[in-house]
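Please look over the sequence and the 3D structure shown here before reading on. The paragraphs that follow go from the individual chains to the place where they meet.

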Amino acid sequence: MAQYTLRRLLGAIPTLLLVIVLAFLLVHAAPGGPFDAERVLPPEIEANIKAFYHLDEPLPQQFARYLSNLVRGDLGPSYRYRDYTVSELIAGALPVSILLGSLAMLLAVIVGIGAGTVAALRQNSVVDRVVMAFAMVGISIPVFVIAPLLVLLLAVKLNWLPAGWSGTTSGTRLLLPVIALALPQIAYIARLTRASMIDVLASAYIRTARAQGLGTFAIIRYHALKPAMMPVISYMGPAIAAVLTGSVVVEQIFGIPGVGQFFVGGALNRDYTLVLGIVIVYATMIVLMNLLVDILYGVIDPRVRYQ
Amino acid sequence: MTRAAQIAGRIRKNRTISISGGLLAIVALLAIAIPWISPNDYLQTNFDNILSSPAIAHMHWFGTDDLGRDLLVRTMMGVQVTLLVAIVASFVSLVIGVFYGAIAGYLGGRVDAVMMRIVDTLYALPFIFIVILLMVVFERNFLLIFVAIGAINWLDMARIVRGQTLSLREKEFVEAARLTGVSTARIIIRHIAPNLIGVVVVYVTLTIPQAILVESFLSFLGLGIQEPQTSLGALVDAGVNQKENAAWMLVIPGGLLALILMCFNFLGDGLRDLLDARQST
């Protein structure tokens, strides 16, 4: 398995390199430089600034410099926030984003598997139909629609929860963003769990367990849950990518000072190094998470062989 | 009864497919008809009548926005743009995906291995971030939205088409064509591609909602469709800013967006079940 992990890690390098090259070229193909928005500078000063940021060098040399800094964890200076490096900005914002994302994933997995299992146990009943109808609605409403609707209902109209991030330090300010971020994933996971749980519950060994007089809870807990989890686990990779994407919107709507807000702000302000840095960090996270999921898959299901 | 008629009959009998398909047809018809019939123009501002709530009594059934523009007509224009972007983008991904997949599957061997390896590598890319970067760099070009979304969605299509082609190329009619000296390109275009239509149609109905999501996501962030043009995502964005004094600006376009996505999801699910059932018998 160590060998498999190593090979997969090496296999991730071309993907990441592709992301970096693509993003780097795209940013450098941009019409207009990062300093265009400001007042016209005397040519000497402009040349000085360009030399300071190494923008006067040929492209391959700039790329080599960027890459060699990158492997040392240096993503370059931010063009917008002059006193900070991109690494500092991302490092400051990442904990909030990771907290938000992991809480949302946790909620999605627990509620999604629970709802899916209940629906599978009562297949074609009213409960099943209600859960599946909710799941279809959850899949179909985009995060950027459900999040402001939740704010409108629970924060503005009913005044139960804080609507934004600032103005309070209590944990309740996390509640709405986490729910908004988790809802579509709850829906997906519930659907996946229901489908695979129905398959598993129909298998012979479950019938045997029932014949031996085992209760429903024990059957689910000790026999059905693990095999039924397999499709859910393979969905974890896309789910993590979706939560990262969704967190960009959720951070924007709730005013959460996370990486997503820097991303949107950087994109609108043409802060290229910042946007480039965030794309690379997110890409690395997604690739590593996919790898982790693949390895986990084999740990849970011993029939999977690493070739 | 011909085979096409059989399938048509089964589609009509399937409640999920006929209800969701019917709803979509109604929404699309209204989106085209209402801006045409309505006395209001989607660009016409009226500062004496801003943020008026929806009512049948006055001429603004969906109310007006913060510039006094009629929301009914604007929403319908938004539906038009959203559907147009999604359909064209899905078509782009269809053309790329079908030919990429068919070529990889038909040629097989090393070409196939390399082509699918490229797809695997691209799969791991966080495309939405690359697309955002693309929109930032190239100034929110309308045409670029189609290309960018199409470029995301063709990967699934390529995989599915390749799988189908692998089995198709062993069929007698392909062998017969090869024996009579038909060129490889012609076999792929004339004999393989037409036989992929069933699978392709199903997966297009599933890629359209994805394309709608990407477009509305970009427009919501202010990187997609630009004012005075509008799309459902841009309308939701405007609604978010006014949600405290004009909830209808958020609820109406948001609800319509969700309805359209739900119909496409039900339609795709229904068609896929139908196709699976046919393949298993």
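Which pattern does chain A follow when it is read along the sequence? The answer is α-α-α-α-α-α-α-α-α-α-α, and the count for chain A is accordingly eleven helices and zero strands, where helices (H or I, at least four residues) and strands (E, at least two) are DSSP runs numbered from the N terminus. This is a predicted model, in which local features need pLDDT of at least 70 and side-chain atom pairs count only at pLDDT 80 or more, while totals for chains, interfaces and linings use all residues. Residues are numbered from 1 along each chain as its sequence is written, and chains are lettered from A and ligands numbered from 1 in the order in which they are written.

The C-alpha atoms of chain A fill a box of roughly 85 × 55 × 30 Å along the principal axes. Of its 307 residues, 37% count as buried, a term that applies when 20 or more other C-beta atoms lie within 10 Å of a residue's own, with exposed meaning 12 or fewer, partly exposed meaning in between, and C-beta atoms placed from the backbone. Among contacts in chain A between residues at least 6 apart in sequence, 73% join residues at least 24 apart; a contact here requires C-beta atoms, placed from the backbone, to lie within 7 Å. One helix to examine is α5(A), whose 15 residues reach 21 Å from the first C-alpha to the last, close to the 21 Å expected at 1.5 Å a residue, the expected span being 1.5 Å times one less than the number of residues. Within α5(A), the buried residues include A:Val131, A:Ala135 and A:Gly138.

Chain B also has eleven helices and zero strands, and 44% of its 281 residues count as buried. Its mean pLDDT, the predictor's confidence in each residue from 0 to 100, is 80, and 89% of its residues reach 70 or more. Confidence in chain B is lowest in helix α1 (residues 3–13), at a mean of 73, and highest in helix α7 (residues 172–179), at 90. In the loop between α9 (197–220) and α10 (232–241) of chain B lies B:Thr230, which counts as buried because 26 other C-beta atoms are within 10 Å. Leaving aside residues up to four places away in sequence, B:Thr230 touches B:Arg74, B:Met77, B:Gly78, B:Val81, B:Ile225 and B:Leu235.

How many residues of each chain take part where chains A and B are in contact? There are 37 from chain A and 31 from chain B. On the side of chain A that touches chain B, α1 (2–28), α5 (126–140), α6 (143–157), α9 (216–254), α10 (259–269) and α11 (272–300) each supply at least two residues, and α1(A) gives the most, with eight. By class, that side has 32 nonpolar, four polar and one charged residues, with Ala, Val, Leu, Ile, Met, Phe, Trp, Tyr, Cys and Pro counted as nonpolar, Asp, Glu, Lys and Arg as charged, and the others, Gly among them, as polar.

For the model as a whole, the scores are ipTM 0.77 and pTM 0.81.

Notes: Contact = placed C-beta atoms within 7 Å.
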